[in-house]
Each structure stands twice: as structure tokens, then as C-alpha cells.
Amino acid sequence: MSIAVKLGNLELRTPLIGASGLFGYGDGYRDLIGFDLFGAVVTKTITLKERQGNHGPRLVDVGFGLINSIGLENIGIDRFLDEVLPSLDLNTCLFVSIGGFGVDEYAEIAKRLDCVTGIDALEVNISCPNVSDGGIAFGSNARLTAEVISSVRENTKLPIIAKLPPLTVGIEVIVKAAQDAGAQALTLANTYPAMAIDIDSERPSLGAISGGLSGRAIKPLTLLLVWKAYTVAKIPIIASGGVEDSRDCIEYLLAGASACEIGSIMLRDLDAPLRIVHGIKNFIRTHGYRDIGELLGKAHRKEERSETKEI
Ligand SMILES: Cc1cc2nc3c(=O)[nH]c(=O)nc-3n(C[C@H](O)[C@H](O)[C@H](O)COP(=O)(O)O)c2cc1C
């Protein structure tokens, strides 16, 4: 049974996408599990210059999720283009995640990646802090969202997926700003600001004090963002947040997502992609659907309620 989905002009073989930061530069896990079950894989976020990232500890397991403070460690755009991309041999779509600390940096990276073969889309990570605007995340405000997405749009013909931070002035406003500026899809959402304290050392668990919460705990929060975004979005939505099994993915599809990323679960269960794809197929079969597309946004339909008369 085919569970291929459309993401704008892209056809993904399944609705499952490997999330940024968990699959290296697109090749992570490839030799362990292959990518047959994935519609696409996203690279970790690449910046203009190489970055060492934050001091450790950089990852803490809080039981219901993970808090990470990797600090955008990456090899930079030059080394990605020279050393990684030429030998990447994926049998699925490749989305390159890009980040920057100023609008010019996003524009420059987009320009460098334009017309490079082997890239299917750019996922623009707009959770990065804008240094010339007091360090607030680009995606936390409509003006900055529009500026950064327009600057990428002007410098590439590749499809643009805007990956939004979760905590904004109002997700609908940011969704509209991103789509009006030229994004062709949205990823909702990045991790949620969080911290943990180690009661033995009586100090913050992470070297950077705070980080981003991912995993099981954030699924209901991001589900609401997807639900709200779907009410205003004219472009496809990719859900990213706490997908651990097929049920999570189906909920996201019903809320309005066209595809789902999986991230943190890969650190615990390499069989997750197989479980999820089997579970989705099973749901479609047992519920009598002909096509996975019939699930898209279905939870938004208006019920015809029978009037109950009070006596
Ligand atoms: C260790 C780790 C590193 C991450 N690195 C990035 C990154 O470089 N860029 C990005 O946009 N998101 C990054 N994320 C966020 C994930 O792509 C994903 O949006 C988030 O973890 C929610 O999905 P999950 O609950 O399935 O993990 C990272 C997450 C984790 C756990």
C-alpha cells in the first residue's frame, strides 16, 4: 500500500521525515537502518561559519523528553559543500537545514546552496537568535520572519520550508508572515525553552543552563500549534514534536500536517520508523481509507450535532 504524500511539488514516499539534529548531515543512521521508510531526511542546521557549539553537558534526559543545548555545532557551509554533499548517497529526499545570526547570513547560505544538485529543499531554522535585534529568535516576530524568509527567497529557487519556534506572539501571525514572504511549507515546531537541575551537584544540568525540550512531553503542545496553523496556512505543514508511534503521526495528520518529522525517539528506538509506517498502513486499511491524503486535517470537520432539547 502506498502512503506517499505531496509536499507542494515534492512527492515523499512516506510522511516520515528525519528531523534536523538527529541524522547528522543526512547520513546519520543510514548504514544502520537505511532510509527506505523515510520520505526525506533533514541535515543538522548548517551556518555560514563552522561552530563548536556549547560547553557540556549538552543533553539531559528528563524522563518524558530530552533537553538539548547543542548550540548549533556544525562544520559550516564550505565543508558541507566540499566534504559531505558530494559523497552523500541517500535514496530519499534531502532537506538542508540552514541557520544564521543575521538576515545576511541566511541570504548568503541560500545563495551558496542554490543550483547545487542533490538538495530537494531548504528547511530554514528561524529559531536562531538575531544578534542585531537583541538576540530574539527571528521566528518569534512577524517582521523578522518576513525579512529572513524573503531574503532566502531572493537567493534560491529551491523550495523553502520555514521551521518556526514554538513560542511566538501568535502562531497564526508567524505562519502568515512566512507564507506571504515566500515559504512553500512550514515545519512546526522547534524545541521549547527548558531547563533541569541536578540535585546532587545542586547546579543546572546543562552547561548552557537552558536548552530545548523535545520528545513525548511536547507532542500535545505542538499538536495545538499544528491545529492552529492549519486554520490559516495555504501551504503544507510538517509536524515536528514528540512523534514516537503511529498514533502520534496520525493525530498530526488529522490536525492538518501533511508529514511528520521524527527526532528524539531515534536515540531510544531504531525500530521506530518501521513501527510508525506499519501502524499508519494498518490504520488506513482498518478504517477503510483509500488514500493517506483523506486524513489531512480531518479532525477540523464540523460535526452535525443533534439538538438535545431540555425539558
Ligand atoms: C539533540 C538534538 C539536536 C537538534 N538539533 C537541531 C538543529 O540543529 N536544528 C533544528 O532546526 N532543530 C534541531 N533539533 C530539533 C528537532 O529537529 C525537532 O524539531 C525537535 O527535537 C522536536 O522533535 P522530537 O520531539 O521528535 O525530537 C534538535 C533536537 C535534538 C533532540
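**Loops, sheets and helices**

Author: Let us begin with a loop. Pro57 lies in the loop between β4 (40-42) and β5. Keep in mind that the model is predicted.

Reader: Which residue does a cis peptide bond join to Pro57?

Author: The bond has an omega of about -10 degrees. Pro57 sits in the loop between β4 and β5. Its partner in this cis peptide bond is Gly56.

Reader: In which loop does Ala189 lie?

Author: Ala189 also takes part in a cis peptide bond, with omega near 5 degrees. That bond comes from Leu188. Ala189 lies in the loop between β10 (185-188) and β11.

Reader: What is the phi of Glu202?

Author: Glu202 is found in the loop between β12 (197-198) and β13 (203-204). Glu202 is not a glycine, yet its phi is positive. The value is about 55 degrees.

Reader: Now the sheets. What is the strand order of the closed barrel?

Author: The barrel has eight strands, with parallel pairing. Neighbouring strands are turned by 25 degrees against each other on average, direction ignored. The order is β3-β4-β7-β8-β9-β10-β15-β16.

Reader: Which residue stands opposite Ala239 in β16?

Author: Strand β15 covers residues 237-240, and strand β16 covers residues 259-262. They pair in the parallel sense over three bridges. Opposite Ala239 stands Cys260.

Reader: Which strands does helix α3 touch when it packs on the sheet?

Author: Helix α3 spans residues 103-113. Its direction makes about 155 degrees with that of β7. The strands it touches are β7 (93-98) and β8 (121-125).

Reader: Which strands stand at the edges of the open sheet?

Author: The open sheet has four strands in the order β5-β6-β14-β11, with antiparallel pairing. Each edge strand has a single partner, so one side of each is left without a neighbour in the sheet. The edge strands are β5 (59-61) and β11 (192-195).

Reader: Which residue in β14 stands opposite Ala194?

Author: β11 pairs with strand β14 (residues 210-214). The pairing is antiparallel and runs over four bridges. Opposite Ala194 stands Gly211.

Reader: Next, the helices. Are α4 and α5 roughly parallel or roughly antiparallel to each other?

Author: Helix α4 (residues 142-153) and helix α5 (residues 171-180) pack with their axes 8 Å apart. The angle is about 25 degrees. Angles under 35 degrees count as roughly parallel. The two helices are therefore roughly parallel.

Reader: Which residues of α4 meet α5?

Author: On the α5 side are Val173, Ile174, Ala177, Ala178 and Asp180. By class, the contact has seven nonpolar, one polar and one charged residues. From α4 come Ala142, Thr145, Ala146 and Ile149.

Reader: At what angle do α7 and α8 pack?

Author: Helix α7 (residues 246-255) and helix α8 (residues 272-286) have their axes 8 Å apart. Their crossing is right-handed. α7 is oblique to α8. The angle is about 60 degrees.

Reader: Which residues of α7 meet α8?

Author: α8 brings Arg275, Ile276, Gly279, Ile280 and Phe283. The contact divides into five nonpolar, two polar and one charged. α7 brings Ser246, Cys249 and Ile250.

Reader: Last, the ligand. Which residues come nearest?

Author: There are 25 residues around the ligand. They divide into eight nonpolar, 15 polar and two charged. The nearest are Ala19, Gly21, Ser214, Gly263 and Ser264.

Methods. Residues are numbered from 1 along each chain as its sequence is written. This is a predicted model: local features need pLDDT of at least 70, side-chain atom pairs count only at pLDDT 80 or more; totals for chains, interfaces and linings use all residues. Two strands pair if DSSP finds at least two bridges between them. A residue is near a molecule or strand if its C-beta atom, placed from the backbone, lies within 6 Å of it. Ala, Val, Leu, Ile, Met, Phe, Trp, Tyr, Cys and Pro count as nonpolar, Asp, Glu, Lys and Arg as charged, and the others, Gly among them, as polar. Axes are lines fitted to C-alpha atoms, for helices over the stretch in contact, and angles run from 0 to 180 degrees between N-to-C directions. Angles under 35 degrees count as roughly parallel, over 145 as roughly antiparallel, 65 to 115 as roughly perpendicular and the rest as oblique. Two residues are in contact if their C-beta atoms, placed from the backbone, lie within 7 Å. A crossing is left-handed if the near helix is turned anticlockwise from the far one by less than a right angle, and right-handed if clockwise.
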